[in-house]
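Please look over the ligand site in the entry below before reading on.

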Amino acid sequence: MAGQLIVFEGIEGAGKTTQLQRAATWLRSQLTVPVLTSREPGGTLLGQQLRSLLLDVRQQDEQDEIAPRSELLLYAADRAQHVEQYLKPNLAQGAIILCDRYTDSTLAYQGYGRQLDVELIQQLNAIATGGLTANLTFWLDLDPEIGLQRITERGAPNRLEREALDFHQRVRAGYMALAQDHPQRIIRLDAIAAADDLEREIRTILQTRLSEKLCESFSKKLSNN
Ligand code: TYD
């Protein structure tokens, strides 16, 4: 049976990486199928190199600034490699993959944030993914002012995190529009909630969604804890 691609999305500081790790630990304790984690950009060797180019703050100087369309194409290149080399082969083996960001990030950041053509990005996403879509997407929604404050406290913000508040507000509006367009796939979570509460909410949703999909023959029963 084909695996499951479960994506965590949201603006900076929403806590998606923490929740992804917690969900992975829990799923591993519940299932016998492989549970993998990955991220975009940076899920492959090529991707790691693209990630350091994309997030390098030196490319924010006016003279060396990465142009929005170059940025878009670099994210697309990262995704094409990730899908081909990592996601497709592992999903074909039946793995459950929890991925930090996927196609919605490009629509939200480059489409709404940078205000590039959203339809063009949809086409580019289709090319980069070869049609591979997420089975389920958790959108950790947070007020960008709070998200950016959390980032500042963490220190050393990356190139995208240094963008102004209105950029992050447009990104959030993008996620909102995407969630409205895909109510079955995208689940909004209020990321202001305590991490433990969010973790519980995510477990409950995973339990429902995955027990519908995974056959008992190779999964232990998902328990309630
Ligand atoms: P992320 O891994 O969330 O950074 P960190 O772990 O440091 O919080 O994401 C890297 C940045 O890349 C983030 O600011 C969002 C941005 N991004 C895009 O702009 N477009 C995309 O398609 C993707 C995947 C990420």
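The points below cover the ligand shell and then the pockets.

1. This is a predicted model, in which local features need pLDDT of at least 70, side-chain atom pairs count only at pLDDT 80 or more, and totals for chains, interfaces and linings use all residues. Residues are numbered from 1 along each chain as its sequence is written, and side-chain values use heavy atoms, with hydrogens and water left out.

2. The ligand is surrounded by 16 residues (a heavy atom within 4 Å of it). Glu 12, Tyr 75, Arg 101, Thr 106 and Gln 110 are the closest.

3. Ligand oxygen atoms lie 2.4 Å from a side-chain N or O atom of Glu 12, 3.1 Å from one of Arg 51 and 3.4 Å from one of Glu 161. The protein buries 91% of the 550 Å² that the ligand exposes when taken alone (Shrake-Rupley method, 1.4 Å probe).

4. The ligand takes up the space of the largest pocket (more than half of its atoms within 2 Å of the grid points). A pocket is an open set of points on a 1 Å grid over the protein atoms alone, where a 1.4 Å probe fits, with protein on both sides within 12 Å along at least five of seven lines; lining residues have an atom within 4 Å of a point.

5. The volume of the largest pocket is about 590 Å³. Its lining has 32 residues, with Glu 12, Lys 16, Arg 51, Asp 100 and Arg 101 closest to the centre.

6. The second largest pocket has a volume of about 290 Å³. Among its 18 lining residues, Thr 103, Asp 104, Leu 107, His 182 and Arg 185 are closest to its centre.

Definitions and conventions. Polar contact = N/O pair within 3.5 Å; in protein donor to acceptor, adjacent residues only side chain to side chain. Points joined across faces, edges and corners; volume = space filled by probe spheres on them.
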